[in-house]
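Please consider the following protein chain, first as a whole and then through two of its residues.

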Amino acid sequence: MNQGFRCKEFFVAHDLCAMKVSTDSLLLGAWLRLPVSAPSLRLLDIGCGSGLLSLMLAQRLAAAQMQYQIDAVEIDSMAAMQAGQNVQASPWAPQIQVIQADILTYATADHHVAAYQLLVSNPPYFENSLKSEESRRAQARHTDSLPLLSLLQVSARLATASASLALVLPASVAETLVPEALQQGWHLHRLCRVSEREGKAARLWLMQFKRTPGPCESNALLIRDAQGQYSQAYRLLLADFYLKF
């Protein structure tokens, strides 16, 4: 069997992907708030990798009996091929289109402008650090291929006026991103600071931005409690996906 990660309703092979299934994407896919008021949704997964986020969102949307279409864009040809295979093996293949493309080029097509009500990404985030020797892994991890400022600009171009943008980033990177996002017209509406365990500083920020100003709903999440066991909040968040929960 291919290397991969099995969720309750689908399997994600990732042996051909530079970046494997991670807790970061699992958290984002389960945590982000869906725009449930729209009769139908068009969603964009930027840098989809193995397709995990797209499949998680498809599962959630299908459970909510919503009409939707997901476009999953991935620059790496091998990852895009594997994402396509994962989608075809899932129950939601008709609703997910995997597109092998550079999102910066994809965004220049007029028919994609202001097309999406929800945009999601677990983007590359390393800057000015030692590059991985393996070029595909370096591309997936470093902002050279998709600077975060460009991600914000591209997302603004592709989003509808009522759209939201959901991202997961290391805390140190996220802190600097929030003011940059505001300059690009993205207002932080939801924030979750994720710590590995009690007493540890937040490692990740889960963020959801909107194009309109408003109050920010903020909370924290512990992955493990003081005894080293998965916290109840973490279990509840991922209960629809993790086999062990």
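The paragraphs below move from the overall fold to local surroundings.

The structure is a predicted model, in which local features need pLDDT of at least 70 and side-chain atom pairs count only at pLDDT 80 or more, while totals for chains, interfaces and linings use all residues. Residues are numbered from 1 along each chain as its sequence is written, and side-chain values use heavy atoms, with hydrogens and water left out.

The chain has 8 helices and 10 strands; these are DSSP runs numbered from the N terminus, with helices being H or I of at least four residues and strands being E of at least two. Its C-alpha trace spans about 55 × 45 × 45 Å along the principal axes. The radius of gyration is 17 Å, which agrees with the value near 18 Å that a compact globule of 245 residues would have. This radius is taken over C-alpha atoms, and the globule rule is 2.2 Å times the number of residues to the power 0.38.

Of the 245 residues, 51% count as buried, where buried means under 20% relative accessible area, exposed over 50%, and partly exposed in between (1.4 Å probe, protein chains only). The accessible surface comes to about 11300 Å², and 50% of it belongs to carbon and sulfur atoms; such areas come from the Shrake-Rupley method with a 1.4 Å probe, and for residues only the protein chains shown count as cover. Among contacts with a separation of 6 or more, 74% join residues 24 or more positions apart, a contact meaning heavy atoms within 4.5 Å.

Ser 90 lies in the loop between α3 (77-88) and β5 (96-100). Because its relative accessible area is 11%, Ser 90 counts as buried. Its side chain reaches the backbone nitrogen of Trp 92 at 3.2 Å. A polar contact is a pair of N or O atoms within 3.5 Å; within protein, one must be able to donate a hydrogen and the other to accept it, and residues adjacent in sequence count only if both atoms are side-chain atoms.

Arg 211 is found in another loop, between β9 (202-210) and β10 (217-224). With a relative accessible area of 26%, Arg 211 is partly exposed. Leaving aside residues up to four places away in sequence, Arg 211 touches Ala 156, Thr 160, Ala 161, Ala 163, Gln 184, Gly 185, Trp 186 and His 187. A polar atom of the Arg 211 side chain lies 3.0 Å from the backbone oxygen of Gln 184, and the side chain also reaches the backbone oxygen of Gly 185 at 3.0 Å.
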